[in-house]
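Visitor: I want to know what lies behind the labels used for this protein. Please take me through them one at a time.

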Amino acid sequence: QWRRLGFFEKDPVRGLSELASSSICTVTSCRGKTAVGDTSGFIILCDRSSIVSKFRAFDNKICHLFGSTESNLLVGVGEDSSGSSKDHSGVLFVKVWDLSSAADNLFPCVFKHEVYQGLHVNKVPVASICASDDASVIVLGLQHGSCIVLHGDILRNKPVKRILPAAGRGSAPVAMGLERGSQGRWSIVAVTVAQVLLYKDVTGAGGPGAGGGEVVEEEGCGREEEGGGAAAWAAGPGEMLVGRLQGILAFSKEGRGATYAFEGPKRLLAWARPYLVAVTSDALPA
């Protein structure tokens, strides 16, 4: 049952001046906190009591954040001015922080790894990220459609790294979700503007041929000008929610699931269990 909510008047919460003065580029929810990343490389944390803490996470901008609601781990991708590039500028790193302990508002970075280290692929931006609750599996979806998978003993800085070739039409993933199956085999459900994709056994537990991608549906979330462009992973039921002009469709590793029909452009989808939040508008952009 859908419930329509209009925008309403609201008062700003006191003590959030750090947010007002930041150039925000990514937001995620964590365990009891909201994490905000800005273009200067800082992460701002705000808890339910509006207590704010801020720390430097990267030398340059933060590209993506992914938080777990089941653990105190926060995963981020951003640029540091050090690494293997010749000019030591704008090198992409993936990091993990433990938010359960802090000294002087400094949260320990328990994992740091250069994204393209040891890989012979074109260095393109990271389009989306996802991770397991314990950060034992981290997936980076690249702009050209490939995926980098880090797994293993990540928090001891002993990751195993593999790259999954682009499946389907090779479009950048708008959103991705991880689901663990039998015998510890992980699958990725990904959605692009053109297709819904499934990658099975992405950590290679089933042998060298594991991790191949297949097309689940020959229609993705579409583009914003088409009334789509929104998708979100619902971790509870293990479904990818895909917003289209006619409604919202659910996909799992078994294929297409339920359909929630209501017309209108879908600007943003979010899963706040047990609720599905959809931000929509009354008309397509002119």
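Visitor: What share of the contacts between residues at least 6 apart in sequence join residues at least 24 apart?

Guide: The share is 39%. A contact here means heavy atoms within 4.5 Å. This is a predicted model, where local features need pLDDT of at least 70, side-chain atom pairs count only at pLDDT 80 or more, and totals for chains, interfaces and linings use all residues. Residues are numbered from 1 along each chain as its sequence is written, and side-chain values use heavy atoms, with hydrogens and water left out.

Visitor: How many helices and strands are there?

Guide: The protein has one helix and 22 strands. Both are DSSP runs numbered from the N terminus: helices are H or I with at least four residues, strands are E with at least two.

Visitor: What makes a residue buried?

Guide: Its relative accessible area must be under 20%; exposed is over 50%, and partly exposed lies in between (1.4 Å probe, protein chains only). Of the 286 residues in the protein, 44% are buried.

Visitor: Why is Leu269 called buried?

Guide: Leu269 has 5% relative accessibility, so it counts as buried. Its place is in strand β21. Leu269 touches residues including Ala230, Leu241, Ile248 and Val277, not counting residues up to four places away in sequence. Leu241 is 28 residues from Leu269 along the chain, and their C-alpha atoms are separated by 7.8 Å.

Visitor: Why is Arg267 called partly exposed?

Guide: Arg267 is at 28% relative accessibility, so it counts as partly exposed. Arg267 is also found in strand β21. Thr280 is 13 residues from Arg267 in sequence and 5.4 Å from it in space, C-alpha to C-alpha.

Visitor: And what makes Pro159 partly exposed?

Guide: A relative accessibility of 25%, so Pro159 counts as partly exposed. Pro159 is found in strand β12 (residues 158–164). Leaving aside neighbours within four places in sequence, its contacts include Phe111, His113 and Leu150. Phe111 is 48 residues from Pro159 in sequence, with 9.6 Å between them, C-alpha to C-alpha.

Visitor: How do you know how many disulfides there are?

Guide: A disulfide is a pair of cysteine sulfur atoms within 2.5 Å. By this rule the count is zero. Take Cys25: the nearest cysteine sulfur is that of Cys63, 7.3 Å away, and Cys25 is in no disulfide.

Visitor: Is Cys46 buried or exposed?

Guide: Cys46 counts as buried, at 15% relative accessibility. Cys25 is partly exposed, with a relative accessible area of 36%.

Visitor: What makes a set of residues a nonpolar core?

Guide: They must be buried Ala, Val, Leu, Ile, Met, Phe, Trp, Tyr and Cys residues joined through side-chain atoms within 4.5 Å. The largest such core has 21 residues, and Val94, Ile138 and Leu140 have the most contacts inside it. The elements giving two or more residues to this core are β6 (73–80), β7 (91–98), β9 (126–131), β10 (137–142) and β11 (147–153). Leaving aside neighbours within four places in sequence, Ile138 is in contact with residues including Val75, Val94, Cys130 and Leu150.

Visitor: Why does the phi of Ala135 deserve a remark?

Guide: Most residues other than glycine have a negative phi. The phi of Ala135 is near 60°, a positive value. Ala135 is found in the loop between β9 and β10, and it is buried, with a relative accessible area of 1%. Asn157 also has a positive phi, of about 55°, and is not a glycine. Asn157 lies in the loop between β11 and β12.

Visitor: What makes a space a pocket or a cavity?

Guide: On a 1 Å grid over the protein atoms alone, a cavity is a set of points where a 1.4 Å probe fits but cannot get out; a pocket is an open set with protein on both sides within 12 Å along at least five of seven lines. Lining residues have an atom within 4 Å of a point. Grid points are joined across faces, edges and corners, and a volume is the space filled by probe spheres set on the points.

Visitor: What lines the largest pocket?

Guide: It is lined by 47 residues, of which Thr28, Ser29, Phe66, Ala232 and Trp233 lie nearest its centre. About 1600 Å³ of space lies in this pocket.

Visitor: And which residues line the largest cavity?

Guide: Among them are Gly145, Cys147, Ser171 and Tyr199. Its volume is about 30 Å³.
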